[in-house]
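Here are my notes on the model you sent. Please read them with the structure open.

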Amino acid sequence: MRVFISFLMTFFCCAVIAQKQYPKHYFSAPLKIPIILSGTFGELRSNHFHSGVDIKTLGKQGIPIYAPADGYISRLKVSQYGFGKALYMNHPNGYTTVYAHLKKYAPEVQAYIKKIQYKKKKYSTGNIFPNPEKFPIKKGQLLGYTGDSGSSGGPHLHYEIRDTETEHIINPMLFGLKPSDTKVPIFRKLMVYPLSEDARINNTAQKTDLEIKNLGSGKYIANRISASGTIGFGVNVFDRLDDALNKNGVYSLEMKINGNRVYYHDLETFSFPESKYINLLIDYPHYAKYRSRIQKTHKVKANKLSIYEDLINNGKIDIENGYNYNIEIIAKDFVNNTASIKIPVQGVASNTLLKKIDTTAYKIKHKEFNKFQQKNVTIAFPKNTFYEDCFLDFSIDNGIAKIHEPTIPLNKRYTLTFFTDHLNSQQKKQVYIANVTRKKYPRYTSTRKKENKVFTTTKSLGSYTLKYDSIPPTAYLVNFKNKQWVSKLSALKVKIKDKQSGINDYVATIDGDWVLMEYNHKKGILTYDFNDKKLVGSKHLFKLVVSDNVGNTKTISATFFRK
């Protein structure tokens with residue numbers, strides 16, 4: 001143990017933390033309102049790190065966005081989900097700024113996008129890459145207006161800075177974007193984990209939720225624990241900035257043993273391909289059950305995140321009988337407001353029997369292709385779908401295929417197939433695969449069909465079954481009626497909904513010509529803007545066809561008059 005501590009001290013003294021220097025005065029703020037954040041860079045989200053900062057927009061849409069530096073618009077994308085309406089701008093200093101969830105673009109860009117949408121006859125554009133000469137931009141020039149498009153949870157501006165060449169995402173705070181922050185992070189939960197077969201914590205072989213006491217000023221302490229074998233820790237911690245109540249992520253986590261660092265990670269930068277490994281950074285089974293994220297201060301073998309520094313034994317602690325350990329976990333926000341927990345640990349040998357591993361389930365060898373079948377259901381896992389070997393529960397009961405609990409993170413999609421040769425032709429048209437892990441909230445899963453089977457690919461374990469949808473979507477006019485004069489309206493609005501398999505597509509026409517209707521999927525509202533095109537005459541026929549995911553359709557039409 002003395003040799004190990006000596007090695008720690010030598011490593012600690014020699015370690016050099018070199019953060020790249022970024023231009024702190026090159027970019028101005030993209031909004032001319034106080035910068036208050038509802039989301040920070042790198043905070044933990046479902047299956048990914050947050051790739052930017054979310055700037056609050058006073059609870060409303062339509063706030064002007066201005067270019068923070070010279071450059072050109074390099075990419076545009078309009079999508080129903082994800083970033084919604086997004087704009088990417090390249091700058092001559094080698095960085096790209098990104099703006100997401102926009103309400104609309106600056107007029108010349110908006111006209112360019114609308115032209116593409118009408119040409120494709122689709123709302124979603126995919127990635128559009130204008131020539132650099134198409135939209136040259138000067139610092140302070142209008143880019144667009146903030147909104148709530150895509151998978152946004154409310155009006156805000158999602159703002160990113162990326163390395164143009166590598167596309168690595170970088171914390172915008174490193175470029176001088178610094179909202180007011182005088183508050184220390186807050187610890188909510190402390191967990192300790194047995195990491196070896198012989199590991200024990202307070203004489204048990206189970207992970208343990210430790211009680212922590214808040215001493216004030218960011219100082220916490222846990223009760224002394226006894227332990228043996230190899231153990232690790234994890235914390236639930238968040239940060240608040242001034243002027244906002246949002247629970248944001250912290251910038252860094254550190255762990256020390258007897259004053260020497262053995263674990264450290266920070267959120268300076270990361271790449272999109274590695275973001276999925278967030279599921280190995282957190283206690284995934286705990287998250288799956290409680291929807292609460294515990295960040296582990298130890299690194300598992302399959303975790304390929306590049307955010308770590310100064311790891312000793314990957315943050316795992318080998319406890320020796322008779323020794324005392326002073327563990328400290330330190331959380332900091334970007335401006336170094338600091339909170340810490342101290343955990344006294346005593347090495348005590350345990351006589352508890354080794355825990356048994358259930359080997360009655362289906363054995364997964366993660367480096368091999370695995371395929372299993374029961375009754376009319378098969379599941380097929382490509383190589384490396386799982387991060388490690390494990391045992392999987394798989395059963396069929398009353399037509400429900402239970403593929404373990406959704407407590408194991410997956411690296412790839414697997415294929416789930418239901419054979420349907422027992423269904424008649426009408427049932428085959430109406431059938432789809434639904435995720436029924438949450439029984440009250442069945443979810444349509446993208447379903448592909450062949451003559452005698454239906455299948456889906458998914459990264460979620462859980463319960464699945466076949467459901468049938470024979471009911472067409474609903475659609476009704478919101479702000480106008482049949483045979484009504486609408487000269488004073490700026491737009492037509494229609495509400496659409498489907499209770500079973502969900503909305504798949506919609507096509508709207510006026511006088512037989514395709515028209516663009518923007519779909520707010522959160523409210524189920526379709527909107528046609530009269531500014532899109534000039535209508536000839538005063539009498540017009542509006543028609544809308546809505547289809548669900550199994551092909552049921554609903555058609556509505558209405559005559560309207562407009563000067």
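1. Start with the loop between strand 2 (44-45) and strand 3 (48-49), where Asn47 is found. This is a predicted model. The phi of Asn47 is near 65 degrees, a positive value in a residue other than glycine. Most residues other than glycine have a negative phi. Asn47 is partly exposed, with a relative accessible area of 47%.

2. Lys121 also deserves a look. Its phi is near 55 degrees, again positive in a residue other than glycine. Lys121 sits in the loop between helix 2 (107-120) and strand 10 (126-128). Its relative accessibility is 52%, so Lys121 counts as exposed.

3. Next, the salt bridges. The structure holds 12 of them. Lys189 pairs with Asp209, with the closest N and O atoms 2.7 Å apart. Lys189 lies in strand 15 (residues 186-194) and Asp209 in strand 17 (residues 208-210), so the bridge ties together parts that are 20 residues apart in sequence. Both ends are partly exposed: Lys189 has a relative accessible area of 23%, and Asp209 has 43%.

4. Buried or exposed: which is Asp283? Asp283 meets Lys207 in a salt bridge (2.9 Å, N to O). The pair links distant parts of the chain, 76 residues apart. Lys207 is in the loop between strand 16 (200-201) and strand 17, and Asp283 is in the loop between helix 3 (278-281) and helix 4 (284-290). Asp283 counts as buried, at 4% relative accessibility. Lys207, at 36%, counts as partly exposed.

5. Asp310 forms a salt bridge with Arg261, and the closest N and O atoms are 2.7 Å apart. Asp310 lies in the loop between strand 24 (295-296) and strand 25 (317-319), and Arg261 in strand 22 (residues 260-266), so parts 49 residues apart in sequence are tied together. Asp310 is buried at 15% relative accessibility. Arg261 is buried too, at 8%.

6. One group goes beyond a pair. Glu43, Arg45 and Asp54 are linked in a network of salt bridges.

7. Helix 2 gives the largest share of its lining, 4 residues. Lining residues include Val78, Lys85, Tyr105, Leu516 and Glu518.

Terms used:
Residues numbered from 1 in each chain as written. Predicted model: local features only at pLDDT ≥ 70, side-chain atom pairs only at ≥ 80, totals over all residues. Heavy atoms only, no water. Helix = DSSP H or I, 4+ residues; strand = E, 2+ residues; numbered from the N terminus. Buried < 20%, exposed > 50% of the residue type's maximum accessible area, 1.4 Å probe, protein only. 1 Å grid on protein atoms, 1.4 Å probe; cavity = no way out; pocket = protein on both sides within 12 Å on 5 of 7 lines; lining within 4 Å. Salt bridge = Lys/Arg side-chain N within 4 Å of Asp/Glu carboxyl O.
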